[in-house]
Amino acid sequence: GWWRRYGQSVFQIRLGNTRAVVVNSFDDAKRMLIGHQSAVIDRPTLYTFHGVISSTQGFTIGSSPWDTSCKNKRKAAGAALGRPALRGYFDMFDLESYCIVRDLHRDSTAGATEISVRPYIQRYALNTTLALCYGIRMDSVYDEMLREILHVGSAISLLRSASENYQDYIPIMRYFPNNEKIRRSMELRDRRDKYLNFLLNKVREKIRNGTDKPCISAAILKDEETKLSGVEVSSICLSLVSGGFETIPGTLTSCIGSLATMEGQIFQEKAYEDIKRYYPDTKEAWRESFQEERVPYVNAIVKEAARYYTVSAMSLPRKTVSEVAWDGAKIPAKTMVLINAQAANHDVDHFGPSGALFHPERWLEESTSANLWTEKPSTGIQHFSFGAGSRACSGQVIASRLLYTALIRILSCY
């Protein structure tokens, strides 16, 4: 890459009528997102994603420009997704992770038939966010609405990329006849509106009938103190649904793939031994898997999975709200900042020569007297898969618990 070739981790590029600063190394990404977090708290608005796709349901929390509405949405989402709220979701974690193991065993004919694990993990992630947001779940892996949500959401995430749409930076292209990007964006927007409105109306109907289940949309719709508008409620639910099904299935599927390699099978055995150390009875490991993150080796696999497979290789772009002084240069206000999370997460200057490899033990210390693993003390930001600083992902605590629970149960059973 240019960073290694020219020895500069931070450089400027030109995207049509927009100048952007690209940050590549771990240390520079940390310095930008943590050291200058107040200056890079904003997000740029891009024509295709913000102007076309998001024109009806509002912006997701992660892509919203920084304003009062965004603060309110982050506050509401933080209360629903923070560590104190986890206990209220234990039954959901228990059911959805059980369904992964149950259906993998059933559909593979106890391992005799080869199947793809990805659809089961997609359902796991999506059902979790649907239950959180709307109090509903789908039992079938190939449920029609579940597949529609996954298809539309994945297609929109591709159009959301800061480098995907030339018309975001060359305005005249927006007026070209037969503009396929705009046509496709409007089609996906309408399809997304259809299922989001259906889900929210279903919650409203259940509230009227007194049959609603505890969920974010019902809590917000019934709580006048939140003072959130209808668009803000839609935005919060949209953020959780679209965020959860993108990151968790990608990370967990990649993790299982890494553990299935020859090298990964060694990590599997060590993880299983560590599980047995804390839970001699596998049934106890099953019961406790969603209540605590106690097994060091599994925690290390979760961290390494998030670092190694960076779901969003180029993080959502930031925008400076004030001038940033950077090594003698000045980054003006209202400048787009692109964090190359993929490069930062694999930076050999920070992670050592094994930075490009899947190696969970980088997060662990092994006792010399026995095969006992302990986690290395956490020292600040560990990777950039959840972002960092003032706009870090609000759902990272729940995401980590979902990954941990699924891994404990899959490793214990297989």
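The model is predicted, so local features need pLDDT of at least 70 and side-chain atom pairs count only at pLDDT 80 or more, whereas totals for chains, interfaces and linings use all residues. Residues are numbered from 1 along each chain as its sequence is written, and side-chain values use heavy atoms, with hydrogens and water left out.

I begin with the cores. A nonpolar core here is a set of buried Ala, Val, Leu, Ile, Met, Phe, Trp, Tyr and Cys residues joined through side-chain atoms within 4.5 Å. Buried means under 20% relative accessible area, exposed means over 50%, and partly exposed lies in between, for a 1.4 Å probe and protein chains only. The largest nonpolar core has 106 residues, and the members that touch the most others are Phe93, Leu130, Tyr134 and Val298. Apart from this core lies another, of 8 residues, including Val22, Ala162, Tyr169 and Met336.

Which residues does tyrosine 134 touch? Counting contacts as heavy atoms within 4.5 Å, and leaving out residues up to four places away in sequence, Tyr134 meets Leu196, Leu199, Leu200, Val203, Cys215, Ser217, Cys237 and Val241.

I turn next to the cysteines. A disulfide, defined as a pair of cysteine sulfur atoms within 2.5 Å, is absent: the structure holds 0. Cysteine 393 is partly exposed, at 36% relative accessibility. For cysteine 413, the closest cysteine sulfur is in cysteine 99, at 13 Å, again too far for a bond. Cysteine 413 is partly exposed as well, with a relative accessible area of 40%.

Finally, the cavities. On a 1 Å grid over the protein atoms alone, a cavity is a set of points where a 1.4 Å probe fits but cannot get out, and lining residues have an atom within 4 Å of a point. Of its 14 lining residues, Gly153, Ile156, Arg192, Ser242 and Glu246 are the closest to its centre. The largest share of this lining, 5 residues, comes from H10.

The second largest cavity holds about 60 Å³ of space. Among the residues that line this second cavity are Arg43, Phe49, His50, Arg160 and Pro317.

Terms used:
On a 1 Å grid over the protein atoms alone, a cavity is a set of points where a 1.4 Å probe fits but cannot get out, and a pocket is an open set with protein on both sides within 12 Å along at least five of seven lines; lining residues have an atom within 4 Å of a point. Helices (H or I, at least four residues) and strands (E, at least two) are DSSP runs, numbered from the N terminus. Grid points are joined across faces, edges and corners, and a volume is the space filled by probe spheres set on the points.
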